[in-house]
Amino acid sequence: MANVIIVGAQWGDEGKGKVVDIYTEYANDVVRYQGGNNAGHTLVVGNEKTILHLIPSGILHEGKRCVIGNGVVLDPKVFLQEIEGLKKKGYLKDDAQLVVDRNVHIIMPYHKAIDIAREKNSGDRKIGTTGRGIGPTYEDKIGRRGIRLIDLVNPQTFARKVKEQLPEKNFILEKLLGEAPLSEEAILDEYNEYARALVKYLGNASVILNKSIEARHNVLFEGAQGSLLDVDHGTYPYVTSSSTVAGGACTGTGVGPRFIDEVIGISKAYVTRVGEGPFPTELNDEMGEHLRQAGQEFGSTTGRPRRTGWFDAVALREAVRTNGMTGLAITKMDVLNDLDTIKICTAYSYRGELLEEFPQDLEILKESKPVYEEIDGWKTNISGATTLGELPATARSYLQKLEEVTGCPVVLVSVGARRDQTIQVKNPFEKG
Ligand code: IMP
């Protein structure tokens, strides 16, 4: 028995969806614990591609229970659309497969409107958010003004809370942001309908998961976004508004830390970032464009082209530490197939000083220049490899180098989008 957390070890989009899909085979419950539909987890089963924003990727496996923990913020419209899409494809035959915690905070129309309008008005200080209302919803949660699913399914409570909230939100929208105010009646009509459709999925995530753990079942915690987008440990303020690091799995579900056995960080064999914020190994040249095209680096949520760069071991070591990572899964290794040489950033140089640790001061990070080690590429198509032994020696040395510079063992390597294009070095659900 093992309970495993999967986290993004970079700035999101590391290919967590695929790894979660593979690990789901060994798990009984798959749980989302933070973020919302700012995430986009792409899964390819056979030749069919499914993108999930909110529902845990484990939903593609029959008989696995998928849980959305209290730490998530949920847009009811997106949630119901995702359920409909899954059912149309033949998934989620049994509604009991999906449970959402009653304490989940809901994304309201004013959260989305404020998120989008603030970004529009921020000029060069914008964060580059996904515009899904994530930040404003978490602000209300922490400010004790939020509306939860438990409130939504009680029409009186919901109406009262909307009545309390709307004047302030409309003031912000109209007077500060120059947007149109929202109608209370329209919100109530729309959301009461969602309440009727989603009430059957509500439950107590903490009780369900702790019972599951007591019964010695395996729980897989599915992180969204990445460690460097964590509200505390990321490149603040260019972050998302939730705790994306492994600790968030405990607060975001009501499962205590002593039940966590393994923390697997997912990292691409290079780096991407969407939105604003410092990115020391960013490549604004032909190589950057090559990685973007070869890796199809366009956002699965917003369609934005992703910024691309070389593997950054300084940033990765930060993620190893803040998550207490026990293993590293390297994805999209095949994207580097054609390269003569590959660079790995092992330290930063800042005004002549060598930095081994990721700087906390964003001004220092912005000025930091990567110090690279260059190694030979493998110049072979590795997409058919299913064991480390089938990889060319140069590809194996790249992986060894990544282990050396990050201080974390590689437990999985992904060499293509499909499930079968995966090398499992060590299964985190098997102890010893
Ligand atoms: P928000 O989460 O929409 O508030 O966006 C805040 C920052 O996090 C922006 O830079 C987004 O591009 C980034 N972000 C949010 N979700 C994801 C994700 O799933 N993958 C990658 N970046 C993300």
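In the predicted model, R351 and E367 form a salt bridge in which the closest N and O atoms are 2.9 Å apart. This pair connects distant parts of the chain, since R351 is placed in the loop between β16 (341–350) and β17, whereas E367 belongs to helix α12, 16 residues apart. The two partners were assigned to separate accessibility classes: R351 is exposed, with a relative accessible area of 65%, and E367, at 35% relative accessibility, counts as partly exposed. Salt bridges with shared partners also join D13, K268, E297, R306 and K332 into one network.

In total, 32 salt bridges are present in the structure. One of them joins the side chains of K163 and E184, with an N to O distance of 3.5 Å. K163 lies in helix α6 (residues 155–176) and E184 in helix α7 (residues 184–198), so this pair ties together parts that are 21 residues apart in sequence. K163 counts as exposed at 52% relative accessibility, and E184 counts as partly exposed at 27%. A further salt bridge brings together the side chains of R321 and E357, again with an N to O distance of 3.5 Å. Because R321 is located in helix α11 (residues 313–323) and E357 in the loop between β17 (353–355) and α12 (362–367), the contact ties together parts of the chain that are 36 residues apart in sequence. E357 is exposed, its relative accessible area being 52%.

The strand arrangement was examined next. Ten strands make up an open sheet of mixed pairing, in the order β9-β7-β5-β2-β10-β1-β11-β15-β19-β20.

Strand β2 is joined by four bridges to β5 (residues 65–68), in a parallel arrangement, with R32 standing opposite I68 in β5. Four bridges likewise connect β2 to β10, and these strands also run parallel; here V31 stands opposite F221 in β10. The side chains of β2 are divided between two directions, D29 and V31 pointing one way and V30 and R32 the other, and all of these residues are buried.

An antiparallel pairing is formed by strand β3 (residues 41–45) and strand β4 (residues 48–52), which are joined by five bridges. L43 has T50 as its bridge partner in β4. The hairpin of β3 and β4 has two residues between the strands, and G46 in this hairpin takes a positive phi near 60°.

Burial was also examined in helix α4 (residues 134–142), where I134, G135, P136, T137, Y138 and D140 are buried. The elements covering these buried residues include β6 (73–74), β8 (105–106), α3 (109–121) and α6. Just after α4, R144 takes a positive phi of about 60°.

The ligand is surrounded by 16 residues, of which D13, N38, T130, T240 and R304 are the closest. D13 is also a member of the salt-bridge network described above. Side-chain atoms of two of the surrounding residues were examined individually. An N or O atom in the side chain of T130 is 2.6 Å from an oxygen atom of the ligand, and for the side chain of N38 the corresponding distance is 2.9 Å.

Technical notes: Residues numbered from 1 in each chain as written. Predicted model: local features only at pLDDT ≥ 70, side-chain atom pairs only at ≥ 80, totals over all residues. Heavy atoms only, no water. Pairing = 2+ DSSP bridges. Salt bridge = Lys/Arg side-chain N within 4 Å of Asp/Glu carboxyl O. Buried < 20%, exposed > 50% of the residue type's maximum accessible area, 1.4 Å probe, protein only. Near = heavy atom within 4 Å. Polar contact = N/O pair within 3.5 Å; in protein donor to acceptor, adjacent residues only side chain to side chain. Contact = heavy atoms within 4.5 Å.
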